[in-house]
Amino acid sequence: MLRDRAPLAEQIRRPGPKRMLSLDGGGIRGLIALEILGRLEELLRAAHGGDPAFVLADYFDYVAGTSTGAIIATCVALGLPVEVIRNFYLAGSEAMFKRAPWFKLFYSRLLDDAISAQLRRQLQHSDGRDRTLGHEDIRTLLLVVMRNATTDSPWPISNNPFAKYNAREIDGCNLDIPLWQIIRASTAAPTYFPAQEITVGTKAFTFVDGAVTVYNNPALVLFLMATLPEYRLEWEVGEDKLLLVSVGTGVIDTRAISASQMTLLYNLKSVPSALIAAALNEQDLLCRVFGRCRFGDPLDSELEDLIVSDEAAANSGLGQFGPKKFTYVRYNAPLSRAGLDALGLQRVRPEDVQRLASSRFMPELMAVGKAYAARLDLAHLGPFDPRRTT
């Protein structure tokens with residue numbers, strides 16, 4: 001049975017367990033995440049009686065995304081089926097994810113106009129008006145991560161009606177910002193797309209991609225914004241009270257390289273992505289430490305996966321850091337040669353599916369997502385498995 005559509009402020013204040021969904025950045029590799037979400041939606045739909053109208057917004061209470069994940073998260077929060085979101089990606093990929101050659105970077109405004117038009121059309125109300133962050137059509141709480149270049153700080157922004165800067169009486173209420181501008185800002189990857197200017201009240205700020213903060217994986221900041229008193233939501237913590245499902249856009253293969261090969265050009269190309277990957281993995285690690293991890297691939301050969309079985313949980317007591325704060329699941333497909341082989345994708349080349357902005361290899365990206373999605377099981381959700389009767 002689908003949840004009734006009470007006002008958002010009423011929904012988020014209801015007692016009972018809460019479920020959160022976090023979506024990483026990763027450019028066109030968002031197609032991998034979409035295949036995973038599509039399978040999750042199928043499983044949840046079947047568990048809810050097979051209602052064809054069931055969508056992820058009927059299960060999750062709070063959805064977060066950075067960069068390409070922000071596009072997907074917004075569409076999920078609006079109640080769109082994954083199939084519709086996938087079709088939007090496929091239709092708009094040439095405009096949204098094709099990087100201009102270096103000699104055309106001075107003409108990036110043309111590319112910017114195409115991206116903005118795609119997003120604006122998708123996020124408009126049926127009557128042609130721009131939906132805002134506070135629009136009533138948004139069915140769940142929504143968190144989008146941007147970087148404010150004007151203040152030199154991360155800007156995680158949500159539609160939580162109780163948040164400090166969402167008060168209607170203040171000058172520059174965040175809820176009045178058009179959705180398409182927020183998403184466009186979160187996807188403004190430096191060297192790929194121009195920055196986005198947004199006027200908040202009487203002040204104009206310049207924003208760039210949220211991936212150049214530590215929150216390209218927004219899972220941990222999502223948990224914090226749902227629970228810290230300062231964010232004025234204060235959901236109750238506990239592994240039977242909070243679920244956090246985190247979906248990535250693929251684990252990039254880190255290849256061995258000699259010191260002599262680490263030229264200035266190499267560092268200019270690789271250091272930013274290496275720092276983003278390191279921050280992304282750190283967020284995953286922290287979620288596995290403070291949450292009860294029920295599914296996730298190994299972090300490294302020393303920590304392994306930090307999955308806690310029911311037997312281990314029963315025997316370990318409270319653990320080093322006290323009771324676990326939430327149930328945690330991490331889905332992220334491996335894109336190394338060995339990882340693709342393990343998925344049965346011997347014909348897919350790692351270098352083709354590790355790209356951020358090329359739309360040439362969309363079939364390969366979708367194949368990776370579908371192969372990895374076959375691993376999904378609602379049992380991973382633990383006490384939040386809708387098939388449970390007790």
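Of the 390 residues in the protein chain, 51% are buried (under 20% relative accessible area, with exposed meaning over 50% and partly exposed lying in between, using a 1.4 Å probe and protein chains only). This is a predicted model, in which local features need pLDDT of at least 70 and side-chain atom pairs count only at pLDDT 80 or more, whereas totals for chains, interfaces and linings use all residues. Residues are numbered from 1 along each chain as its sequence is written, and side-chain values rest on heavy atoms, with hydrogens and water left out.

**Overall composition**

- The protein chain contains 12 helices and 9 strands; these are DSSP runs numbered from the N terminus, with helices (H or I) of at least four residues and strands (E) of at least two.
- About 18200 Å² of the protein chain is accessible surface, and carbon and sulfur atoms account for 55% of that area (Shrake-Rupley method with a 1.4 Å probe; for residues, only the protein chains shown count as cover).
- Of the contacts in the protein chain between residues at least 6 apart in sequence, 70% link residues at least 24 apart, where contact means heavy atoms within 4.5 Å.

**Strand E3 and its pairings**

- Strand E3 spans 141-148, and it is largely enclosed by the rest of the structure because 7 of its 8 residues are buried.
- Strand E2 (residues 62-66) runs parallel to E3 and is joined to it by 5 bridges; two strands pair if DSSP finds at least two bridges between them.
- In this parallel pairing, alanine 64 is positioned opposite leucine 143 of E3.
- E4 pairs with E3 in the antiparallel sense through 6 bridges.

**Turns and positive phi values**

- A hairpin is formed by E3 and E4, with 4 residues between them.
- Aspartate 152 sits in the loop that connects strand E3 (141-148) to strand E4 (153-158), and its phi is near 55 degrees, a positive value in a residue other than glycine.
- Aspartate 152 counts as exposed because its relative accessibility is 57%.
- Glutamate 304, in the loop between strand E8 (292-295) and helix H9 (310-316), likewise has a positive phi, near 60 degrees.

**Packing of helices H2 and H12**

- Helix H2 (residues 30-47) packs against helix H12 (residues 362-373) at an angle of about 40 degrees, and their axes are 7 Å apart.
- Axes are lines fitted to C-alpha atoms, for helices over the stretch in contact, and angles run from 0 to 180 degrees between N-to-C directions.
- The two helices, H2 and H12, cross in a right-handed manner, meaning that the near helix is turned clockwise from the far one by less than a right angle.
- On the H2 side, Leu31, Ile32, Glu35, Ile36 and Arg39 take part in the contact; the H12 residues they meet include Met362, Leu365, Met366 and Tyr372.
- The residues of this H2–H12 contact comprise 9 nonpolar, 1 polar and 3 charged (Ala, Val, Leu, Ile, Met, Phe, Trp, Tyr, Cys and Pro count as nonpolar, Asp, Glu, Lys and Arg as charged, and the others, Gly among them, as polar).
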